[in-house]
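This note concerns the disulfides of the structure shown below.

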Amino acid sequence: MIHEDEARRLLQSAADTIDVTSTAPLPEPAPRRTPWLAAAAALVVLGAGAGIALGVGGDDDAAAPPATQRTDSTQTADDLPEGSVPPVLGMMVDDAKAELEAQGLTVRLETGYDCLYTDGRVMETEPGLGLVPDGAVTLTISQGIAPNVQCSGGLWEEDWAILDLAQGRAPADDPGFAPEVSVVVDGGAATTLTRAQALDPATWTPGSGLAIVGAALDAVRPPAEDGDAWQKAQVSSRFGLPPLTECGITRPGSEADLDVTTLSVDSRDQACGAAVQVYRQPPPDHRGLGEVVALVVRSPQTGSVEKVEVPDVRGLRKDDAREAIIAAGLAVTTNTERRCDPGTGVTQQTPKPGASAAGGDVVHLALQAEPKGANCAGLSKAANDLLTWARGGAAPRFADQVTLMRGYAETGTLSAAEAAGKGNWRNCPPAISFCLSALDAIADTDGPIQRRWDTDNMPQLDDGRYLVDCTADLGGLPDGFYDATRIHLYPPSSLPCNQQWEVSVWVDETGAITGVNYAPPR
C-alpha cells in the first residue's frame with residue numbers, strides 16, 4: 001500500500017504540472033469547496049494497493065474506460081411483453097414519444113411537477129411499465145420543481161445529461177465536461193477522455209464506465225402479481241464528499257476536494273447498486289456548477305450496508321471534522337454561515353452525534369466565519385462609542401458623510417462635523433410631529449442596551465411578541481446599506497412593545513460611522 005507521505009508527494013507533483021484556478025474558500029449556501037490541489041490530474045487512489053495518478057494529457061486515441069461485469073440478475077426491456085409500455089422514465093418528451101410511436105402506440109401528454117425529473121423529462125406513464133395499453137399511453141412530463149417548493153434531493157439537468165450518456169443517448173443538456181475527464185471504474189486504473197470523447201455515446205461501450213450505470217438503470221423486474229406494472233430501478237442523488245471506502249470500493253482521495261454528486265441506482269438486487277461519483281471543479285465565482293473533471297464509477301456490489309455511529313465532530317476544524325466523518329464510512333457536506341463573532345470549528349451537525357446511520361449517508365456540518373469585507377471589530381467599537389456618546393461621553397468617529405435614517409427611510413446626510421452635534425440628529429420627516437433621535441432613545445432608556453448582528457435571531461419580548469412587530473418601518477434602506485453588514489442596538493426585552501426601538505449602525509473599512517437607522521416604536 002502506498003504510504004500517505006508518498007501520496008501527498010504525488011499529489012503535489014501532479015499539481016505543479018497544471019494550471020489550477022484558485023478560488024476563495026466557501027462562500028455558502030450553495031456549498032462550494034476549495035479545489036483539489038491537482039484537480040483531475042492528481043486524484044490518487046489510497047489503499048487500493050498502489051498510487052494511481054489520473055493524468056491529464058491523454059491523446060485523442062485514448063481507450064474506452066475498462067469494462068466490468070454486471071452482477072445483477074434482473075431482466076431488460078427486451079423481456080417485456082410485446083406491445084407493452086417500454087421504459088421511458090427520465091427520457092426527454094420527444095425521445096419518449098418517438099419510441100412509443102415506433103412501437104405503434106398512441107401518445108397523450110400531460111404535465112406535472114417533480115423534484116427528481118427536470119423540465120421536459122417523462123416522470124410517469126399510464127399504463128405503467130410492461131403493461132399493454134388499451135388505447136393511448138399517457139406521458140406525464142415534468143415541468144421541474146413546483147413553485148414555492150423546496151426539495152430535499154433531486155438531480156440537476158447536467159446530471160440527467162450524464163445519465164443520458166449512460167443509457168446510450170445523446171445528452172439533452174450540456175453535462176459540463178472539462179477539456180479532459182478522468183474515469184475510474186471500481187478503484188482500478190484511470191482512463192483520460194477528451195471532452196469530445198466523453199460526450200460521444202459510442203465511447204461508453206457495454207460494461208464500461210457510464211454504461212455500467214446505464215445497464216443498471218435499464219434493468220426491469222417482473223411484477224409480483226399479474227396485472228401489476230413491471231418495476232424499474234430508480235436513480236437518486238447525494239451531494240457531498242463520499243466516504244473513502246464505500247461498498248468495498250476505495251475511491252480516489254486527495255488532500256483537498258472537489259464538489260461531488262453521487263448518482264446511485266437503487267435496486268433490490270444489490271445492497272450497493274451501481275453508482276457514479278461526478279467530481280466538479282468549483283467555478284471561480286462559486287456560482288452554478290463547475291466543470292466535470294472526473295467520473296468515478298462503481299458497479300453493483302453484493303453484501304449489505306453496515307450501520308455506523310455518527311461521530312461527534314462539534315468544535316473540530318473543518319478538515320479534521322470531514323476526515324472523521326469520512327473515516328466513519330459516511331459522506332459529508334459543509335455549509336459556512338457568514339457572521340460577525342463566529343463560533344469556532346463545527347457549530348452544528350446533522351444527524352446528531354451518536355445517531356445510527358447507514359454507511360454512505362450524508363452528515364451535514366455547519367460552520368461559521370466572518371463576512372468577507374465586513375469590519376466586525378469596527379462595528380462593535382462604533383456601537384460602544386455611540387452608546388457612550390448618547391449618555392454623555394465623547395463622540396464617536398464619523399465618516400466624511402453620515403446618512404441618517406428613520407424607520408429605514410433616509411432623512412438626510414451630515415458631514416463628520418455636523419454629525420458630532422447631537423441636535424443635528426433630530427431630522428425627521430414632516431409627517432412626524434413628535435420627533436426623537438436615535439441618541440434620545442438610547443439616553444432615555446433605563447437598563448442595559450442589548451446588541452445583535454444581522455444573522456442573529458430576531459429578539460423576542462417577554463410578552464411573546466417580536467421586536468420587529470413593535471418598531472416602525474417607513475421604507476427600504478438607501479442604496480449601499482441593504483447588503484452591508486451592520487450591528488443593531490435595542491432596549492431590554494422586559495419593556496412593553498410601545499417602548500421598543502432599534503438602532504442600526506454601519507461603518508466603513510476604517511471603523512468610522514457611515515450610517516445610523518433609528519426604528520422608533522410603532
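1. Buried denotes a relative accessible area under 20%, exposed one over 50%, and partly exposed a value in between (1.4 Å probe, protein chains only).

2. The model is predicted: local features need pLDDT of at least 70, side-chain atom pairs count only at pLDDT 80 or more, and totals for chains, interfaces and linings use all residues. Residues are numbered from 1 along each chain as its sequence is written, and side-chain values use heavy atoms, with hydrogens and water left out.

3. A disulfide is taken as a pair of cysteine sulfur atoms within 2.5 Å. Four disulfides are counted by this rule.

4. Cys340 and Cys376 form one of them, with sulfur atoms 2.0 Å apart. The link of Cys340 and Cys376 is left-handed, at -75° about the S-S bond. Because Cys340 lies in the loop between β17 (331–338) and β18 (348–350) and Cys376 in helix α7 (residues 376–390), the pair ties together parts that are 36 residues apart in sequence. Helices (H or I, at least four residues) and strands (E, at least two) are DSSP runs, numbered from the N terminus. Cys376 is also buried, at 5% relative accessibility.

5. Another disulfide joins Cys115 to Cys151, with an S to S distance of 1.9 Å. Cys115 is partly exposed, at 32% relative accessible area, and Cys151 is partly exposed at 25%.

6. Cys247 and Cys272 also form a disulfide. Here Cys272 is buried, with a relative accessible area of 5%, whereas Cys247 is partly exposed at 24%.
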